[in-house]
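Student: I'd like to go over the aromatic rings in this one. Can you put it up?

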Amino acid sequence: MQRIVEAQPWVKEIIDERDENVAQTVESAASCIAQKEKKYASSLPSKAMLAAIQESCGKTYQEITKAQTQTVTLKDDDMSRWLWEWGAEIEALAKEYPLIKDITKGLKKNQYPAALFVAGGLMMTLMTRCTYRFYHRPEELRRLNNSTLIIGDPASGKSFATRLFKLLASPIVAADKIGKEAINAYREQMRTKGANKEKPKKPKVVVRIHPARTSNAQFIQDMVNAVEEVNGEPMQLHMLTFNTELDNTLSLQKGGAYIDQQALQLKAFHNEEDGQAYSNVDSVFQEFYVIWNYIYTGTPIALKKMVNEQNFGSGLATRLTCIPLPATNFEMMSRETTVDYDSDNRLKKWAEKLDKMKGELSVQKIVDELYDWTARRMADAAENDSKADEMLLKRCAYHSLNFAAPFIVMRHWDQMKQDGQYWCGEFETDDVDWKLAELIVNIQYACQRHYFGAMAENYFDNKLKDASVNVQRKQKTLECFDRLPDEFTIEDVARCFNLGSSASARKKVTRLYRDHLIEKVSEDKGGQKALFHKTGTIML
């Protein structure tokens with residue numbers, strides 16, 4: 001409201017005349033409305049203010065206030081539409097990434113995004129011996145980390161994730177079997193040995209997959225033990241947790257089976273250092289790095305328990321990849337009369353190949369593109385004066401690179417070479433690879449805003465008292481873009497976005513063009529100004 005008021009010419013005149021404190025005036029009015037004082041709550045704004053609001057927002061005051069209660073529903077409708085659009089884009093990419101067809105087998109297009117992210121999370125865990133360098137602190141070798149939640153109502157078709165886990169995690173399951181058998185044999189010996197008999201020595205084994213019902217002591221012990229020599233250096237391999245019941249997992253945390261799991265969840269995304277010093281003999285007494293990928297499917301209620309207004313400041317939200325799984329709307333799944341063993345075998349074979357990958361990935365071009373994408377989004381956040389967007393934006397590029405990496409490696413597999421039992425090699429990424437990474441980063445950012453946008457705004461607006469409010473402000477970027485005609489010039493951009501110079505307008509046009517939202521219709525020629533045409537809709 002303050003931004004709208006200050007932009008009006010008649011307000012600028014008042015400021016110039018008597019140095020009016022607009023911020024204080026708006027804050028005072030908002031405070032009175034919040035306290036439901038009759039002199040503000042029962043009356044409309046002045047005629048000048050009503051006209052200013054309509055001019056700035058493109059809607060009347062009555063339309064805005066009437067629509068406020070419908071914001072969440074409209075947002076859900078937008079997400080429903082985007083899921084179909086993203087599904088179509090994923091389907092188109094299957095020409096270059098054939099395994100996408102096997103990953104999305106039997107699913108509707110609006111379920112494709114969820115399948116892409118579950119498969120990506122599992123495949124990057126297989127590539128645990130791989131690293132890359134990011135634009136933030138490039139001296140550090142980064143790992144392929146993910147903290148994935150697939151969010152859908154009960155009976156919305158989350159079983160596809162179980163199929164992908166059984167096929168893609170099969171190499172890790174097979175390797176874990178040796179370690180589990182050794183531990184069970186050791187425990188049996190401990191039970192059968194007499195009091196005066198010499199106790200067997202506990203074997204040091206590698207077990208990487210852990211169910212939700214795992215104690216902290218066992219999990220940390222196994223995480224510390226999961227070390228392998230890669231390129232002459234010890235490397236800690238990723239732990240993996242997959243569970244189709246996020247609701248049940250959260251209740252276990254409170255019941256003693258896996259207390260204080262969130263501390264590990266927070267540190268896993270950037271492999272941060274943790275430690276413990278307990279007195280019992282079974283716990284590890286040392287510092288350690290949290291190397292752990294987890295994938296859960298659950299309901300919106302479970303997500304609300306995991307991330308809410310009270311704990312939003314922990315930073316877990318931006319570390320999570322939360323992908324919606326839409327309702328089935330009474331539609332039956334397609335009836336399968338035959339078993340497609342070929343599809344399952346292709347997934348298993350690629351899982352075995354990715355499990356044998358090692359070394360640093362040559363993805364610098366993708367990193368550079370992600371830097372530019374983030375810079376464009378950050379410019380939008382600055383225009384909107386939105387600290388919430390800035391916060392939700394910062395980790396999106398990590399998510400994009402991590403999930404895209406396995407698909408990019410598979411596409412360039414002919415450039416891989418075998419080095420002993422492992423495969424490695426350098427490859428050159430191209431526009432097709434960037435198209436996949438760009439789709440993933442757009443999905444991640446849109447889903448971040450879908451699930452956490454209102455909470456982020458409330459966090460920065462210091463409005464945590466009413467946790468039930470989930471209404472997002474309409475973004476200035478979206479408002480200005482909507483005001484643009486279908487065909488427009490640089491001058492139209494300067495006017496609609498309220499930019500002071502043609503140079504600023506040209507920069508804005510460049511950003512819109514890079515994000516595939518506009519295209520050039522004609523060049524400056526013979527006194528005719530260059531024309532541009534809208535080709536997309538801002539989702540972010």
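Student: Is Trp292 buried or exposed?

Tutor: Trp292 counts as buried, at 0% relative accessibility. Buried is under 20% relative accessible area, exposed over 50% and partly exposed in between, with a 1.4 Å probe and protein chains only. The model is predicted, so local features need pLDDT of at least 70 and side-chain atom pairs pLDDT 80 or more, while totals for chains, interfaces and linings use all residues. Residues are numbered from 1 along each chain as its sequence is written, and side-chain values use heavy atoms, without hydrogens and water.

Student: How many aromatic pairs are there?

Tutor: The count is 19. Rings of Phe, Tyr and Trp (its six-membered ring) pair if their centres lie within 6.5 Å; planes under 30 degrees apart are stacked, over 60 edge-to-face, the rest tilted. One of the pairs is Phe219 with Trp292, edge-to-face at 5.0 Å centre to centre and 65° between the planes.

Student: Where do those two sit in the chain?

Tutor: Phe219 is in helix H12 (residues 216-225) and Trp292 in strand S8 (residues 292-298), 73 residues apart. Helices (H or I, at least four residues) and strands (E, at least two) are DSSP runs numbered from the N terminus. Phe219 is buried too, at 0% relative accessible area.

Student: And why is the pair Tyr451 and Phe452 tilted?

Tutor: Their planes are at 50°, so the pair is tilted, with centres 6.2 Å apart. Both Tyr451 and Phe452 are buried.

Student: Which residues form a cluster?

Tutor: Ring pairs link Tyr132, Phe134, Tyr135, Phe269, Tyr371 and Tyr398.
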